[in-house]
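Please keep the structure open while you read.

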Amino acid sequence: MPKRMVGISTQESLAKFKKAGAKHDSNNQKPPKNPKGNYYWTVHPKERACETCKAMEGKEFIEEPERPHPKCKCEIKKHPLRRPKRYINGPLTGHAYETFTGGDHVKIFFEGISGGLTSGVHLSTNHDHSEQITCMSFSSNSTSLDASQEPPVHWRIHMVAAGSDNVMINYTLEHEVWSE
C-alpha cells in the first residue's frame, strides 16, 4: 500500500476508535448496575502499544470492546462479574437452617465457643454435599461449598452441632448477593 494511503486508513481507524471509545466510556460502570451478563472485560496493551490502546488500560467494559485497529495485538480478558458479599451470622447450639439465593460458591467460618475435644458441626446442603467439621472450644475452622450449576443458586444449608453437651459454635456464611 502506498505511504499516502496508509495515513488515510490510520486516520479513519483512529476516528472510528475514538467514536467507539466514547461509546465504551459512556457505558463503562464499576460494577455495572444492569449487567447484560455475568462478565466484564479489560484491555491489556502490549509493551509497544499505541497511545490509543494504552488509554483503554485500567478500564472495565460491560461489553467486549472492539479492537481499535486491524493489527492490534493487545490482550482483551474476560472476567466474572464481582458481586457484593453478604454475611449471615449466628450461634449454633443445636441445629440451624440457612436458606438464600447466591453465587455458586459459599464459604463458612466456624468458631468454637464451648464444648469438648470432639465438638464440631455436621454440615449438609441441598447440593448433595455433606461433611463433618471439627471445631473445638477456642478454635476455628472453615469450609468452602461449590454448586455444580450456574448462578444464581438456591442454597439450603443445614448445620448440626455435634459432640459433648453444651456445645456452642458461632458461624458466618459468606456468599455473593444475587436477586431472588
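With which side chain does the side chain of Glu-98 make a polar contact?

1. The partner is Tyr-171: its side chain and that of Glu-98 make a polar contact at 2.5 Å. A polar contact here is a pair of N or O atoms within 3.5 Å; within protein, one must be able to donate a hydrogen and the other to accept it, and residues adjacent in sequence count only if both atoms are side-chain atoms.

2. Some ground rules before going on. This is a predicted model, in which local features need pLDDT of at least 70 and side-chain atom pairs count only at pLDDT 80 or more, while totals for chains, interfaces and linings use all residues. Residues are numbered from 1 along each chain as its sequence is written, and side-chain values use heavy atoms, with hydrogens and water left out.

3. Back to Glu-98, which sits in strand β5 (residues 95-114). Glu-98 is buried but has no salt bridge, and the nearest side chain of opposite charge, Arg-156, is 9.8 Å away. Buried means under 20% relative accessible area, exposed over 50%, and partly exposed in between (1.4 Å probe, protein chains only). A salt bridge needs a side-chain nitrogen of Lys or Arg within 4 Å of a carboxyl oxygen of Asp or Glu; for charge, Lys and Arg count as positive and Asp and Glu as negative, with His and the chain ends not counted. Not counting residues up to four places away in sequence, Glu-98 has contacts (heavy atoms within 4.5 Å) that include Ile-88, Trp-155, Met-159 and Leu-173.

4. For the overall layout, the protein chain has two helices and ten strands. These are DSSP runs (helices H or I, at least four residues; strands E, at least two), numbered from the N terminus. The order from the N terminus is α-β-α-β-β-β-β-β-β-β-β-β. Of the 180 residues in the protein chain, 34% are buried. Among contacts between residues at least 6 apart in sequence, 75% join residues at least 24 apart.

5. Two strands count as paired if DSSP finds at least two bridges between them. Strand β1 (residues 39-44) is joined to β3 by six bridges, and Val-43 is set opposite Ile-76 in β3.

6. Glu-57 and Val-43 are 14 residues apart in sequence, with 5.4 Å between their C-alpha atoms. Neighbours within four places in sequence aside, Glu-57 is in contact with Val-43 and Pro-45.

7. Strand β10 (residues 168-177) deserves a look as well. β10 pairs with strand β4 (residues 85-92) in the antiparallel sense over eight bridges, and nine bridges join β10 to β5, again antiparallel. Glu-174 in β10 stands opposite Tyr-87, and Glu-174 is also the bridge partner of Lys-107.

8. If you were wondering about disulfides (cysteine sulfur atoms within 2.5 Å), a search of the whole structure finds zero. For Cys-74, the closest cysteine sulfur is in Cys-53 at 3.6 Å, which is too far for a bond. Cys-74 is buried, at 5% relative accessible area, and Cys-135 is buried too, at 1%.

9. His-154 belongs to strand β9 (residues 153-162) and is partly exposed, at 44% relative accessibility. Its C-alpha atom is 8.6 Å from that of Asn-126, 28 residues apart along the chain. Among the residues that His-154 touches are Asn-126 and His-127.

10. Lastly, some backbone details to check. Most residues other than glycine have a negative phi, and most peptide bonds are trans. The peptide bond from Pro-151 to Pro-152 is cis, with omega near 0°, and Pro-152 is in the loop between β8 (140-146) and β9. Phe-138, in the loop between β7 (130-134) and β8, has a positive phi near 60° and is exposed at 78% relative accessibility. Asn-166, in the loop between β9 and β10, has a positive phi near 65° and is exposed at 67%.
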